[in-house]
Amino acid sequence: MKSPTFPRAARCLFTAAALLSLAAPALSADYSPYPKAGVYDASDSRFERVLTVKPNGKFTLEVSEIGKPGQLRSGAGEGRLSDAPGGWSFSEGRCSMTLKRAAGGMQLHVETCASAWGDVPFDGKYQFKGEAAPMPVAKAAPAPAAAAPSAAPVPLSAPQPSGGPLPSRKELRQQWSNLSSDTVAGKSAGFWAQSTAGSTAGNGLERFSRAGFVVDVTSDYDRLPPAEMAKSPLKLVEVPLPVVSAKEGLEFEVDCSFGKFNKVVAINVSSLGKGNQMTRKRASAWALDDRWQPVEIKPAQKAKCPQGMY
């Protein structure tokens, strides 16, 4: 009995199908429903626009108007992208965002997001700028230039900046202290500080490892569900803390004022003198402008603070 024969065209189709079936696992292993993770930028002369995409499809979108501090507009949004024809999409309520593939980046377009994210122009072509830094790690200060022999170092005038990973909302509530609350550019902007273990017991001195303004959609974390508490706030704008000795601590004065700022936070170095008399020295004072950028009040003594220390 003769073996069955197939037409040449059928044999070709069979061979092609077999090759595709072998290649399919490799293709599926490389496939990702999300865009390339990293930072994308669409800034121009009027607005800074930054889109950050994580490997799991989560994104943050921040837009800030460029100019002198004052009535500058800003906005921010976040969410998780979904695969869509020609690109990716996001929707929540009436707010929707689409990303289309473009040379060197993506074309972004949002609709009816002004009430949720801010009334700023988000649309634009976002060029890929590189992988996102895993965390804003504090960098070593560059070696200072040689100073004149008579110039003595003043530690409080050049504090070391603090830095670390962005905490979750749950970590903030459990491990940090919320010292003040404010609203800046339509977002919650409270001042938080994290104590360090090993503060000198019984003498009233306390040390802190990190402090700064937390920008978020709300400050009422007690009302958020666990899934939202596991997320990080929109932004943590850290301020440098002064270096203290073994016999010194830090104290914060909140709700201070200077010029147009009425939520200035002053940082003091405290120490115990003779008879356990507490002395304080104003080290710095900070405010947050409409672009969510830190503003240092110089000299710090110009900030007017009510009675009350933290």
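A charge is taken to sit over a ring if NZ of Lys or CZ of Arg is within 6 Å of the ring centre and within 35 degrees of the ring normal. In this predicted model, Arg 101 lies over the face of Trp 88, at 4.5 Å from the ring centre. Residues are numbered from 1 along each chain as its sequence is written, and side-chain values rest on heavy atoms, with hydrogens and water left out. Because the model is predicted, local features need pLDDT of at least 70 and side-chain atom pairs count only at pLDDT 80 or more, whereas totals for chains, interfaces and linings use all residues.

The secondary structure of the chain comes to four helices and 18 strands; helices (H or I, at least four residues) and strands (E, at least two) are DSSP runs, numbered from the N terminus. Of the 310 residues in the chain, 35% are buried, where buried means under 20% relative accessible area, exposed over 50%, and partly exposed in between (1.4 Å probe, protein chains only). The chain exposes about 18,300 Å², of which carbon and sulfur atoms supply 56%; accessible areas come from the Shrake-Rupley method with a 1.4 Å probe, and for residues only the protein chains shown count as cover.

Strands β3 (residues 58-65) and β4 pair in the antiparallel sense over seven bridges, two strands being paired if DSSP finds at least two bridges between them. Ser 64 has Ser 74, in β4, as its bridge partner. Strand β4 (residues 74-80) is mostly covered, with five of its seven residues buried.

A nonpolar core is a set of buried Ala, Val, Leu, Ile, Met, Phe, Trp, Tyr and Cys residues joined through side-chain atoms within 4.5 Å. The largest such core has 24 residues, of which Phe 191, Phe 213, Leu 241, Phe 252, Ile 267 and Leu 288 touch the most other members. At least two residues of this core come from each of β12 (187-195), β13 (208-216), β15 (248-258), β16 (261-272) and β17 (278-288). The most is given by β13, with four residues. A second, separate core of 22 residues includes Val 53, Val 63, Leu 108 and Trp 117.

Ile 267 is placed in strand β16 and counts as buried, at 0% relative accessibility. Although Ile 267 and Ser 284 are 17 residues apart along the chain, their C-alpha atoms are separated by 5.3 Å.

Rings of Phe, Tyr and Trp (its six-membered ring) pair if their centres lie within 6.5 Å; planes under 30 degrees apart count as stacked, over 60 as edge-to-face and the rest as tilted. By this rule the count comes to nine aromatic pairs. The rings of Phe 59 and Phe 90 have centres 5.2 Å apart and planes at 80°, so this pair is edge-to-face. Phe 59 lies in strand β3 and Phe 90 in strand β6 (residues 87-92), so the pair ties together parts 31 residues apart in sequence. Phe 59 is buried at 3% relative accessibility, and Phe 90 is buried at 9%. The pair of Phe 191 and Phe 213 is likewise edge-to-face, because the ring centres are 5.0 Å apart and the planes stand at 80°. Ring pairs also link Phe 59, Phe 90, Trp 117 and Phe 122 into a cluster.
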